[in-house]
Amino acid sequence: MVTIKDVAAKAGVSKTTASDALRGGGDVSAKTMLRVRAIAEQMGYKPNVSARSLRSGRSNTITFLTSGIQGSYFAEVATYFAEEINRRGMYMLIELTKFVRDDAKQKIPFPMSDGIIATNALHVDRLLREHPTVVLENYDDECPYDTVNASSAAGSRAAIRHLAERGCTRIAVVGDNSGPGVYPGSRDLRYESARDECRKLGLRFDDDSFVRSQWSRQGGIETGHALADAGMPFDGLYCLSDGIALGVIRGLNERGVRVPDDVAVMGFDGVLEGRYYSPSLTSVRTDFSTMARVAMDLLMRRIEHPDDKAARQCMTVGYEIAEGESTAR
């Protein structure tokens, strides 16, 4: 069986460096980390999780704490994190925040977890403070946790430019900027950035240009119906999530409005489902793989150095415009 010592020898590094590189902890350069991980994969190295747990006093388990996993977005994000955590020789548990109370009578579920990745979970703020925690999608400078965000601002501006470049002159933003948590979130930033980009490009943007929709597929369907019934006053729609966008496309289709011929539609997230829709969805695709890697690097730093009072880190991952048929003009 291949050991960590074998991997270290092959990579020309110490056993400690090899171990840190595979876990994503310690002071290891990105170049060395990638090389060690590539060699470990080539050699078929599998970490001995039980032995590591006995030595470290940790469970090598991470809790992914989220408001839900029903939608494509949460399921996809959770999958990326499961893959990243498994690659580090650790295990992931999933807990829904609706089962968690933020009071002194209840400790965080799975007390054996070494740390928490939290999304839409800041209403259990007191519980999060008791554990190493990294938060996803939070945009408040006063948030006390390390944070990893999508490119909500830059991506939303790029979405508006994409629609404008395809001839859209009357663009609406579809969604709801009333976030579910204590702190401002991606909804606010995506809306504000899209609004400002419209005005920067000289496009009309008034109160009617923000079309309120429930943050769900069904909400998008109902919004599509309402827009069609109102005579479709826009030729471009930027939806603040893919779920809303896919619902809008269906709602418009049910009313005989053609996408993209009558109105171009795009979303934000880049979930896999959108690529197989008809028409396939143009979206601001978040680099979820990098999000998972960066979040776990930050979390491992907090886990391995519990007495280190380093300042909060806030990281933003990249994006790309994934072009589909819904804006093809």
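In this predicted model, D269 counts as buried, because its relative accessibility of 5% falls below the 20% under which a residue is called buried. D269 lies in strand β9, and its phi is near 140°, a positive value in a residue other than glycine. A positive phi is also found at E137, which is not a glycine either and whose phi is about 60°. E137 is placed in the loop between β4 (133–136) and β5 (146–149), and with a relative accessible area of 11% E137 is buried.

The bond that joins V259 and P260 is cis, with omega about 10°, and P260 is placed in the loop between α10 (242–254) and β9 (264–269). The peptide bond from S278 to P279 is likewise cis, with omega near 0°, and the place of P279 is in the loop between β9 and β10 (282–286).

Aromatic contacts were examined next. A pair of aromatic rings is described by the distance of the centres and the angle of the planes. With ring centres required to lie within 6.5 Å of each other, the count comes to six aromatic pairs. In one of them, the rings of Y73 and F74 have their centres 5.1 Å apart and their planes at 75°, so that this pair is edge-to-face, given that planes over 60 degrees apart are placed in that class. Both residues are enclosed, in that Y73 is buried with a relative accessible area of 18%, while F74 counts as buried at 17% relative accessibility. Y73 also pairs with F288, the ring centres being 5.8 Å apart and the planes at 65°, so this pair too is edge-to-face.

Two packed helices are described by the angle between their axes and the distance between the axes. The axes of α5 and α11 come within 9 Å and cross at roughly 55°, and the two helices are therefore oblique to each other. The crossing of α5 and α11 is right-handed.

Helix α11 itself has 17 residues and reaches 24 Å from its first C-alpha to its last, which is close to the 24 Å expected at 1.5 Å a residue.

The axes of helix α1 (residues 4–11) and helix α3 (residues 30–43) come within 9 Å and cross at roughly 120°, which makes α1 oblique to α3. The crossing of α1 and α3 is right-handed.

Aromatic rings also take part in contacts with arginine side chains. R187 lies over the face of W215, at 4.1 Å from the ring centre, and the charged end of R190 sits over the ring of F268, 3.7 Å from its centre.

Two exposed loop residues complete the description. D208 is found in the loop between α8 (186–200) and β7 (210–212), and D208 is exposed, with a relative accessible area of 54%. The C-alpha atoms of D208 and V173 are 9.4 Å apart in space, although the two residues are 35 residues apart in sequence. T169 is placed in the loop between α7 (152–165) and β6 (171–175), and at 52% relative accessibility T169 counts as exposed, because the exposed class begins over 50%. T169 and F234 are 65 residues apart in sequence, yet their C-alpha atoms are 8.1 Å apart in space.

Key. Residues numbered from 1 in each chain as written. Predicted model: local features only at pLDDT ≥ 70, side-chain atom pairs only at ≥ 80, totals over all residues. Heavy atoms only, no water. Phe/Tyr/Trp six-rings, centres within 6.5 Å; stacked < 30°, edge-to-face > 60°. Buried < 20%, exposed > 50% of the residue type's maximum accessible area, 1.4 Å probe, protein only. Lys NZ or Arg CZ within 6 Å of the ring centre and 35° of its normal. Helix = DSSP H or I, 4+ residues; strand = E, 2+ residues; numbered from the N terminus. Expected span 1.5 Å × (residues − 1). Axes fitted to C-alpha atoms, helices over the stretch in contact; angles between N-to-C directions. Parallel < 35°, antiparallel > 145°, perpendicular 65-115°, else oblique. Left-handed = near helix turned anticlockwise from the far one by under 90°.
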